[in-house]
Amino acid sequence: MLTRRALLEMAAVSAAAAAVPPADPPFTLPKLPYAYDALEPYIDAQTMQIHHDKHHQAYVDNLNKAVAAAPELAGMSVDDLLLRLDTLPAAVRTAVRNQGGGHANHSLFWETLAPAGKGGKPGGRLASAINQSFGGTDGLVTKMQSTALAVFGSGWAWLSLDAANRLSLDPASNQDSPLLAARRPLLGIDVWEHAYYLKYQNRRGDYLKAIPNVINWDFVTARFEKLAG
Ligand SMILES: [Fe+2]
């Protein structure tokens, strides 16, 4: 039979447990920096809402689940996790690659878009680098479109900075981040069907023709300045 003292101790333990709030998950869905319909008619509002609120949220939720099972990863940013993927516990590597990649890729993607006419154009050292590597912005855009069009299945076309601060344009499968190859992403085009199917159905090429109208070059220019040092 439990003594009064034991009952009081049990009650105290229960009260202490109840007083500890559940820990906030480490990763959260960033807010879109514009309204769902801000990129119309090039990207429709319903696509933006589902893409951000459902698809991106799922990457965040699944990443949180994965890292909850590996407390030694607490405090690491998603970029850190991706850069150090090979050193992570084997049990979480696939989830970090896919879900962490999805979170990182989409967080950047929203920032690199802007309403038509509001995105400016490449400036400063980014403009010089684009001229040198692609003969100008039109050359870069055309190459990004063809790279994105050629992605088999789901993936991205990425403009990124390599270790020598040179521009690199590469396709990626699934949610593989350029960070996995030690490249720092500047601008990505999402060619998962969830990015365009509601409006463009199977016409990925039409979506790719529309995308250049809503690129936030001012953001990409500022990001280049920050990353190139
Ligand atoms: Fe996406």
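This note sets out points on the metal site, selected residues, backbone geometry and salt bridges of a predicted model.

1. Basis of the model. Residues are numbered from 1 along each chain as its sequence is written, and side-chain values use heavy atoms, with hydrogens and water left out. Because the model is predicted, local features need pLDDT of at least 70 and side-chain atom pairs count only at pLDDT 80 or more, while totals for chains, interfaces and linings use all residues.

2. The iron site. The iron ion has as its protein donors His51 (NE2), His106 (NE2), Asp190 (OD) and His194 (NE2), at 1.9 to 2.1 Å. Donors are N, O and S atoms within 2.8 Å of the metal (3.2 Å for Na, K and Ca), and sites may look incomplete because water is not among the atoms. The angles among the four donor atoms run from 92 to 130°, and the site is tetrahedral; four donors count as such if all angles lie between 85 and 135 degrees. Ideal angles for four tetrahedral donors are 109.5 degrees.

3. Donors along the chain. The spacing of the donor residues in sequence is H-x54-H-x83-D-x3-H. Distant parts of the chain are linked by His51 in helix 2 (residues 45-68) and Asp190 in strand 3 (residues 184-190), which are 139 residues apart. Helices (H or I, at least four residues) and strands (E, at least two) are DSSP runs numbered from the N terminus. His51 and Asp190 are buried; buried means under 20% relative accessible area, exposed over 50%, and partly exposed in between (1.4 Å probe, protein chains only).

4. Arg204. This residue lies in helix 8 (residues 204-210). Arg204 is buried yet has no salt bridge, and Glu193, the nearest side chain of opposite charge, is 6.2 Å away. For charge, Lys and Arg count as positive and Asp and Glu as negative, with His and the chain ends not counted. A salt bridge requires a side-chain nitrogen of Lys or Arg within 4 Å of a carboxyl oxygen of Asp or Glu. The Arg204 side chain does reach the backbone oxygen of Gly153 at 2.8 Å.

5. Backbone geometry. Most residues other than glycine have a negative phi, and most peptide bonds are trans. The peptide bond from Glu40 to Pro41 is cis, with omega near 0°, and Pro41 sits in the loop between helix 1 (4-19) and helix 2. Asn165 has a positive phi, near 65°, in the loop between strand 1 (155-161) and strand 2 (167-173). Gln201 also has a positive phi, near 50°, and belongs to the loop between helix 7 (197-200) and helix 8.

6. Arg125 counts as partly exposed at 39% relative accessibility, as does Glu225 at 32%.

7. Further salt bridges. Asp162 and Arg166 form a salt bridge, with the closest N and O atoms 3.0 Å apart. Asp162 is buried at 14% relative accessible area, whereas Arg166 is exposed at 54%. Lys209 and Asp206 meet at 3.8 Å, N to O; both lie in helix 8, three residues apart, about one turn of the helix. Salt bridges with shared partners join Arg203, Asp206 and Lys209 into one network.

Technical notes. Tetrahedral: all angles 85-135°; square planar, octahedral: opposite > 155°, others 65-115°. Polar contact = N/O pair within 3.5 Å; in protein donor to acceptor, adjacent residues only side chain to side chain.
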